[in-house]
Amino acid sequence: MTLPDPAPALLRLLVNGETRVLPCAPNETLLEVLRYRLALTGTKQGCDKGDCGACTVLIDGQPALACLTLATLCEGKNIWTVEGLADGPELHPVQAAFVRHGAAQCGFCTPGMLMSSVHFAESYTGSEAPEHGEIAHALSGNLCRCTGYTKILDAVAEATLEVAARRGAPGAGEEGGS
């Protein structure tokens, strides 16, 4: 016995600041919608079981694995992908730090790493540069198969101070961290 395909419903998302309305089957993941319907291929399809973090996006400001998130559960939510980080030609401070530190490695994990790093940098409340262990904990859901974590941790530490200084956090940028 074959079950009929579930009927698609209209899904409304705010993706990288733009409202998108599209049909969506109840069993489609957010990753499938982003990559194959909206052509936002920066979000990588890695393990498809939540182990690698290559598909990490921000949903209402919180990191989430797009491969494990049903798109219909994101109705009306604000989704940010790696394509939405830069402001025109100006890279987000985390992206710029990844470039300066050579933290992109092969690049496959980079979009997910960037999204988790942006969340860390933008939510960091410390007044001094974060410790590598603190950053590693925040990025623990993202795997780099090139095993080059040191450059990533250096980049995130530097970018976190820049992000804090931009938002005027007390004590931010007082260590000459840029």
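Analyst: One definition to begin with: partly exposed means a relative accessible area between the buried class, under 20%, and the exposed class, over 50%. Also, this is a predicted model.

User: OK. Is Glu162 buried, exposed or in between?

Analyst: Glu162 has a relative accessible area of 24%, so it counts as partly exposed.

User: And which residue does Glu162 form a salt bridge with?

Analyst: With Arg100; the closest N and O atoms are 3.8 Å apart. Glu162 sits in helix H5 and Arg100 in helix H2, so this pair links distant parts of the chain, 62 residues apart.

User: Why would such side chains pair at all?

Analyst: In general, side chains of opposite charge can pair when their charged atoms come close.

User: What about Arg166, which partner does it have?

Analyst: Arg166 and Glu90 meet through their side chains in a salt bridge, 3.6 Å from N to O. Arg166 belongs to helix H5 (residues 149-166), while Glu90 is in the loop between strand S5 (78-80) and helix H2 (93-101), so the pair ties together parts 76 residues apart in sequence.

User: Are those two buried or exposed?

Analyst: Arg166 is exposed at 51%. Glu90 is partly exposed, with 43% relative accessibility.

User: Which residues are linked in a network of salt bridges?

Analyst: Glu90, Arg100, Glu158, Glu162 and Arg166.

User: How many salt bridges are there in the whole structure?

Analyst: Seven. Another one of them joins the side chains of Glu18 and Arg20, at 3.9 Å from N to O. Glu18 is partly exposed at 46%, and Arg20 is partly exposed at 25%.

User: Switching to the sheet. What is the strand order?

Analyst: The sheet is open, with five strands in the order S2-S1-S5-S3-S4 and mixed pairing. Strand S2 (18-24) and strand S4 (62-65) are at the edges with a single partner strand each, so one side of each has no neighbour in the sheet. On average, neighbouring strands are turned by 40° against each other, direction ignored.

User: How do S1 and S5 run, parallel or antiparallel?

Analyst: Parallel, with two bridges joining strand S1 (residues 9-15) to S5. Leu14 has Asn78 in S5 as its bridge partner.

User: Which helices lie across these strands?

Analyst: Among them are H1 and H3. Helix H1 (residues 30-37) lies across S1, S2, S3 and S5, at about 105° to S2. Helix H3 (residues 110-123) lies across S3, S4 and S5, at about 35° to S3.

Methods: Residues numbered from 1 in each chain as written. Predicted model: local features only at pLDDT ≥ 70, side-chain atom pairs only at ≥ 80, totals over all residues. Heavy atoms only, no water. Salt bridge = Lys/Arg side-chain N within 4 Å of Asp/Glu carboxyl O. Buried < 20%, exposed > 50% of the residue type's maximum accessible area, 1.4 Å probe, protein only. Helix = DSSP H or I, 4+ residues; strand = E, 2+ residues; numbered from the N terminus. Pairing = 2+ DSSP bridges. Axes fitted to C-alpha atoms, helices over the stretch in contact; angles between N-to-C directions. Contact = heavy atoms within 4.5 Å.
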